[in-house]
Amino acid sequence: MDKLPLFPEQASTFAPGVDHLTYFLLAVAVFFTVLIFCTIFYLAIRYRRRSDKELPHAPHGGMALEIVWSVIPFGITMVMFTWGASVFFNESRPPDNAMPLYVVAKQWMWKIEHMEGQREINELHIPLGRAVRLTMASEDVIHSFYVPAFRVKQDVVPGKYSTIWFQPTKPGKYHLFCAEFCGTRHSGMIGWIHVMEPQDYQRWLSGGAPEGTLSESGQKLFTDLACSNCHKADGTGRCPSLEGLFGKTVQLANGAKVVADEAYIRESILHPAAKIVAGYQPVMPTFQGLVTEDGVLQLIEYIKSLGPKPVVGGGGALGK
Amino acid sequence: MITAAVPERENYLNYKYGIKSWLLTKDHKRIGLLYLFTVTLFFCLGGAFATMIRIELLTPQGNFVSSETYNKLFTMHGVAMIFFFLIPAIPATLGNFFLPMMIGARDLAFPRINLLSWYLLVIGGLFSLFAMLAGGVDTGWTFYTPYSTTYSNSWVIATALGIFISGFSSILTGLNFIVTVHRMRAPGMTWMRMPLFVWSHYATALIQVLGTPVIAVTIILLFCERVFHIGIFDPTLGGDPVLFQHMFWFYSHPAVYIMVLPAMGIVSELVSVFSRKPIFGYQFVAYASMAIAVLGFLVWGHHLFVATESVYSALVFSFLSYFVAIPSAIKVFNWTATLYKGSISFATPMLYAFGFIGLFTIGGLTGLFVAALGFDVHVTDTYFVVAHFHYIMVGGTIMAYLGGLHYWWPKITGRMYPEGWAKLSALIIFLGFNLTFFPQFILGYLGMPRRYHVYPDEFQVLHVLSTAGASVLAVGYLMPMVYFIWSLRYGKVASANPWGATGLEWQTPSPPPVHNFDVTPIVTHEAYDYSTVIGQEVEVG
């Protein structure tokens, strides 16, 4: 059966749940398909035309029947809805202690950034049994992060961050596919997820990250781009201090308030005029085109590292 | 050569000859045939693209065509099949021909606009055809941004303009049908006496008129961004790529019902005629069409479950999607119940109707799968979805279309098709279809993404099965094309009402006279009252 598998491998905590839902859906579908096929087959044979002149007299309507075959299917579909929704709801809420990772998708590769500084292309090494939360950005078009063995998929949309999480339950090597058509080599935008025993993963991690942690790279970029000229730590610069910014509520010039999360910081780097902090002038130039999505992620990690404390589910592995 | 058969009586085919008499005709029947010719060409074109796709997918490596070509093939397959075959197929050919006849009218309300509709489809088709010949387009038929606006180096604008133009063909056809049904019914043809084919076309027409302008607007915005770099969808220009998906599916989901509602209309006719019984639950079937047309506008968001739509929107769209299932289920149950104590004939059109019910049932039930959020996350953008919508569009729409063509062929041409060959082809199509698309459900659940030129080895066996099925299917589709043409000269001459049907279109000679009816019919009974056509009664049951 190696050549003809019928069910994909179950390698995440979601997989059994999704498959149970599938069994239910399949059971309903098989039941109704067999019911309709057999009924048609039986009736067609039983009442086949025997004479060209025959004219049947039979009921051609029945309120009770109409109600029965509307209400029962509706009830069944509501079970499907509720079941599907509850599976989905779990998939959309990463646990607080999930290990954060960054993914940058571009034509036609997956770039993975570990907090510890390791970078991978089309490969993702993760430890067994630990929830992992990916924050994903796209450099160009829409891509979609899809791991069939985990039963998860999430589009990666340029201009915003999307997140996906999963918890692997089985060591091994699993397909990573791009599921959203993204251009010529779309089918080449594939990779492998390596689920490793925790001690193997630690060994892999200590293999070294030549460029330092993600936030260290961010700090270097912060200096190189001369951000520190205006964003002074003591708040005396022309732009607001970034100390302890992450996760705080920011008062804007137009009276609105916004929580300083990843999306807000990304927007402030690429479209600085979109949200002006109260008490400051819109003097910052855009960095769109000057800094890549990877760079933005590094800057965000650096800003997170400026304290006070990482937001829930955000930078759990900071400063390691 | 058609007319040689019945030289003694003037009909819509022989009353005038020459190319001008066709290209400038205002006769809905002749326009129907112009459409038949046009959509058949696009079907062959789309089929040729599909053939190349299936050949490429025989092996995991991309060794038949390049990735660039492959991407163009599946895009052009989708564009040709959806916009230039499936959407116009039933309404513009059979609908055009028979909707006026079934309500006892001499023509559609606006014959000139009807001709204009055909020209718009042809002009739009030529635009898209030009794009295909000039180098093709590689965005997928969905044209997702920002790939289509900023990154693709292919003929996006020409293709999109072709779709834009053909959209007006669809709008005008819908408008014509709505006005015709409201204003031109024969005396006594009340709403509740209308054949279900007319009801389902009326519902379809509402979608065409209300939905198609949205895709027109979407294409204009796409044009503005691609040509003038006005930021609408591309985030580097300040746009939102997901906005495009909302707008696209706001039309394109209801468009699925433009394709399948007329098919349901045909099946209602066929099941009734070949059971010689009124449709069970006539009113429920009629209103179910209207319900599908309305609910179809409320579910577009189920295409965006993983496209960064919010969790709560996803919940609402999943919930609403299940509501569309109910009217569809009602139809299937009523068709099945119609067989009860009927007088069931196994003529070819009925075989297609059985095929439709079976395949539509599978397509519809797998629709319930993908509407379930937790399930859809895994299979969206995989072959599961590809299989699902081919069960609806090919298993549903094309089966019904072929059933309808066989059923009305004697009326259209005055000739019978060869019954034996037709039965054989119906069987081949049913088997070939299932062999092609059933393995794709499994492929999708295993994780095979759609639009992949190169794929991992473990999927090969299922792809080979699918390609084998496609070759069977191709044979099945070629057979009717051959014997339909053959029948024009050699087929048995058809009587006015070879099936013992009750529709007004059968109460006039085959082929029909220019103005359909020599005397305006007066309707005195409900649709499907077979006691009016079957003289001698023999009790069965």
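A residue is termed buried in these legends if 20 or more other C-beta atoms lie within 10 Å of its own, with C-beta atoms placed from the backbone. The structure shown is a predicted model.

**View 1. Strand 5 of chain A is covered on both of its faces.**
Strand 5 of chain A spans residues 132-138, and seven of its seven residues are buried. Side chains in a regular strand alternate between the two faces of the sheet. In strand 5 of chain A, one face carries V132(A), L134(A), M136(A) and S138(A). R133(A), T135(A) and A137(A) point the other way, and these residues, like those of the opposite face, are all buried.

**View 2. Strand 5 of chain A pairs with strand 1 and with strand 8 of chain A.**
Strand 1 of chain A (residues 99-106) runs parallel to strand 5 of chain A, and the two are joined by seven bridges. Within strand 5 of chain A, M136(A) is the residue opposite V103(A). Strand 8 of chain A (residues 162-166) is antiparallel to strand 5 of chain A and is linked to it by five bridges. Here L134(A) has I164(A) of strand 8 of chain A as its bridge partner.

**View 3. Domain 1 and domain 2 of chain A meet through contacts that include residues of strand 5.**
The domain assignment divides chain A into domain 1 (7-39 + 64-210) and domain 2 (214-305). Taken over C-alpha atoms, the centres of these two domains of chain A are separated by 32 Å. Contacts between the domains of chain A involve 11 residues of domain 1 and eight residues of domain 2. On the domain 1 side, strand 1, strand 2 (109-114) and strand 5 of chain A each give two or more residues. By class, this side of domain 1 of chain A has five nonpolar, two polar and four charged residues.

**View 4. Chain B is a helical chain without strands.**
Chain B contains 15 helices and zero strands. Its radius of gyration is 23 Å, close to the 24 Å given by the globule rule for 541 residues, so chain B is as compact as a globular protein of that length. Along the principal axes, the C-alpha atoms of chain B fill a box of roughly 70 × 50 × 45 Å. Of the 541 residues of chain B, 64% are buried. Among contacts in chain B between residues at least 6 apart in sequence, 84% join residues at least 24 apart.

**View 5. Chain A and chain B meet at a contact to which helix 10 of chain B gives the largest share of the chain B side.**
The contact takes 77 residues from chain A and 84 residues from chain B. Several helices of chain B each supply at least two residues to the side that touches chain A, including helix 3 (67-102), helix 8 (241-273), helix 11 (348-371) and helix 14 (419-446). Helix 10 of chain B provides 14 residues, the largest share of this side. The chain B residues on this side divide into 52 nonpolar, 23 polar and nine charged.

**View 6. The largest nonpolar core includes V103(A) and F356(B).**
This core has 259 residues, and those with the most contacts inside it are V103(A), V267(B), F356(B), I357(B) and A372(B). Helix 3 of chain B gives 22 residues, the largest share of the core. From chain A, domain 1 and domain 2 each contribute at least three residues. When residues up to four places away in sequence are not counted, F356(B) touches A263(B), V267(B), G396(B), M399(B), A400(B) and G403(B).

Terms used. Residues numbered from 1 in each chain as written. Chains lettered and ligands numbered in written order. Predicted model: local features only at pLDDT ≥ 70, side-chain atom pairs only at ≥ 80, totals over all residues. Helix = DSSP H or I, 4+ residues; strand = E, 2+ residues; numbered from the N terminus. Rg over C-alpha atoms; globule rule 2.2 N^0.38 Å. Buried ≥ 20, exposed ≤ 12 C-beta atoms within 10 Å, placed from the backbone. Contact = placed C-beta atoms within 7 Å. Pairing = 2+ DSSP bridges. Nonpolar A, V, L, I, M, F, W, Y, C, P; charged D, E, K, R; others polar. Core = buried A, V, L, I, M, F, W, Y, C linked by C-beta atoms within 7 Å. Domains from an automatic or database assignment.
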